[in-house]
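User: Hi! Could you walk me through the structure below with a few questions and answers?

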Amino acid sequence: MPSGYRRRINTPHLERIQIHSFSLYRLQPIVDVRVNPGVFCLAGANGLGKSSFLSALGYGFTGTVAPPKPSLTEMQKYYRDSVTYGQRYFTGRVGELDRKSAAVTLHFKLAENQYVITRGFFEPHALRHFEVQDLAGNLIVKNDPEIDDEDRHDLYMSMVAEHCGLQTFAQFVFLNHYLLTFDERRHLLFWDPRASEQVLYLALGLDSSLAKRAADLRKAANAAGSLARNAQYQATSTRQQLRKVAAALGGSDGGASAEVLASYQESISARREASSERNRLQKDLEDARLELSAASAMQLRLRHEYEEAFRRRFDARTTIRLHPIVTQTLADHRCRVCGIQHESGPERISQALASNACPLCESQLPPAQPADSTAALLTRIDRDLMTATAAATANQQRVERLSKELETAQAKLTKIRRQVSDIENEHGLDSNVLDKGLHEEMQTQLTSLRSAIDAALARKDEQLQLRAQALAAYEPIRNQLLAAWREAELEFVPLFRDLAEGFIGLPLDIQLDEGAGSLGNAHLALTVDTSHRRDATQLSESQRFFLDIALRMALTQFMTAPERSAAIYVDTPEGALDIAYEARAGEMFSTYASAGNQLVMTANVNTSQLLRRLAKRCRAEGMKLVRMTEWTTLSDVQIQEEELFEEAYALIESELGGRDSGDGAK
């Protein structure tokens, strides 16, 4: 392949990871794991933090965690979003008391350099420790305690980008999230055209600056196109306003006749008057209803007063004298309590009544009100009640009258509004224009609108020219990508087939889809047994997961220089596989590792064929198995079935060849 297309990309190879005060791993205050060059497998149970381990590893490299809903419109913005999400991701996984001490230390090889870095989990733009040596042990960067942590990180970013063969650290972050790591997001590179194109620019050996240049030009072209559409919309809207003003003036731009304008203005005046009359009646009706409510309340109050005065008209003495027991006893001389017959009326009753006392309990009664005073009060209340009743009746009639008048006024206004609307729709008139005032003002508005249209069209032409310039600059870069693919596919496609066909058991092909339109994203398209699979749903879950992993493996192998090896990090989705495909997935992983590449993976510990086949192929010399069950507390269910984990570990370790794989200690 021509040398112009093989500016190789280097990937970091992990040698050791130390995780400090990671609250999730409560049984291991410091997790210290040495990572071998071949297959490193962290095997554990559900919920122990396998996915968090890969996230912590990626965070150590980049200071970021891939957000669940990323925006790839601009690489630097994606980097900022990933930094922000990383701070949220580790909150909870790291307890409040551990936030200051929690950190990850990575020992890794990149190109011809040995890196050691320490990054706090809530310090994305700082490094607590940073040193670099060459392979001979010569110190290139010394960890100087006098250097500020942020300055230390700035130096790290520039050196990593340089040693990877990239232009920016943001590109390194992007490659980690979208190519080197298959994590719990289960992101599918095959079916993400935007991400796929960015990966291709970097992986096909093109100058890494082209990826950034292509992204910038596409962004500029899209922005210019959007601004051109906005300018056209403004011109169209302004032209519609111009026509309405011109129509109101009877101009040549669709102007109405003088008779129509006169009729229209009469209708506008009638609408204004009808609206005013309707509003006046609404206010009068509201006042009448308030006055009716007040008169009705006065009626009710006076009735209560009249009834109370009438009750008091008969004092307590008169009421007692007229009591049935008293009157009947006095009438027939027989006591209605004990039944004794007297010759004449019981003297005691008569004496009590004469002394204004109760005949039964002898209590003194209140003096009786003068009859003439009570009568005067009843007369006054009766007069006031008649006045209040007359007022309530009058207000009720007023409410009924005004309600009918308002109904008539509203109907009249509705009719006039319909007439105005009909004239406006037929002749393109606008009452707002006429209501603005004088003819001279409308002429000034016409001039202003014509100028605004010219300015909007000028902006449109300018933006279209900028878009054309961006497309013209973008086209040669796109052509380089297409040419690079045509040469790369001779080497890359066999790499992919070697991995993927062994897994799926069907003939595969992979092509470069140039994307729809001049700004469409070029991306890789998959063919399975001569059938195009343009949608992820056209494959089973296990097929699309592991074919996408195969794609990443092939790309990392292809983009790495022959004298160096590639590395990839996988949160294994083995739960999607049946027993037949488990073994095939293990074969695919071992094929990648046997070519000298590093595979750092996490997996559930079980008796599946994936880990057993991988262990059998790689043996102890090529695979390291780390038990994760000792890092944190198991659930009650896991504790009860702990012997099953031991059996599964034993089966895998027996396939490794009997060597003790270690428990993660250095």
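Predicted model: local features only at pLDDT ≥ 70, side-chain atom pairs only at ≥ 80, totals over all residues.

User: Thanks! Why is helix α4 described as largely enclosed by the rest of the structure?
Analyst: Helices here are DSSP runs of H or I with at least four residues, strands are runs of E with at least two, and both are numbered from the N terminus. Buried means under 20% relative accessible area, exposed over 50% and partly exposed in between, with a 1.4 Å probe and protein chains only. The buried residues of α4 include F169, N176 and H177. Helix α4 covers residues 169–180 and is largely enclosed because the buried residues number 12 of the 12.

User: How many disulfides does the structure hold?
Analyst: A disulfide is counted when a pair of cysteine sulfur atoms lies within 2.5 Å. C164 is buried, at 1% relative accessible area, whereas C338 is exposed, at 52%. The number of disulfides in the structure is zero.

User: Which residue's side chain makes a polar contact with that of E197?
Analyst: E197 lies in helix α5 and is buried, with a relative accessibility of 0%. A polar contact is a pair of N or O atoms within 3.5 Å; within protein, one must be able to donate a hydrogen and the other to accept it, and residues adjacent in sequence count only if both atoms are side-chain atoms. At 3.4 Å, the side-chain partner of E197 is Y474.

User: How far apart are the C-alpha atoms of Q469 and A220?
Analyst: Q469 sits in helix α13, residues 439–504, and is partly exposed at 45% relative accessibility. Along the chain, Q469 and A220 are 249 residues apart, yet the separation of their C-alpha atoms is 9.6 Å.

User: Which helix gives the largest share of the lining of the largest cavity?
Analyst: On a 1 Å grid over the protein atoms alone, a cavity is a set of points where a 1.4 Å probe fits but cannot get out, while a pocket is an open set with protein on both sides within 12 Å along at least five of seven lines; lining residues have an atom within 4 Å of a point. The largest cavity holds about 120 Å³, and α1 (50–62) and α4 each supply at least two of its lining residues. N176 and H177 are among the residues of that lining. The largest share, four residues, comes from α1.

User: And which helix gives the most to the lining of the second largest pocket?
Analyst: That pocket has about 200 Å³ of space. Its lining has 13 residues, and those closest to its centre are L72, T73, R194, R218 and N222. Two or more lining residues come from each of α5 (193–203) and α6 (208–249). With four residues, the helix that gives the most is α6.

User: Last one: in β10, which residue is the bridge partner of D509?
Analyst: Two strands pair if DSSP finds at least two bridges between them. The open sheet of three strands runs in the order β9-β10-β11 with antiparallel pairing, and its edge strands are β9 (508–513) and β11 (531–532). Six bridges join β9 to β10, residues 523–528. The bridge partner of D509 in β10 is T527.

Definitions and conventions:
Residues numbered from 1 in each chain as written. Heavy atoms only, no water. Points joined across faces, edges and corners; volume = space filled by probe spheres on them.
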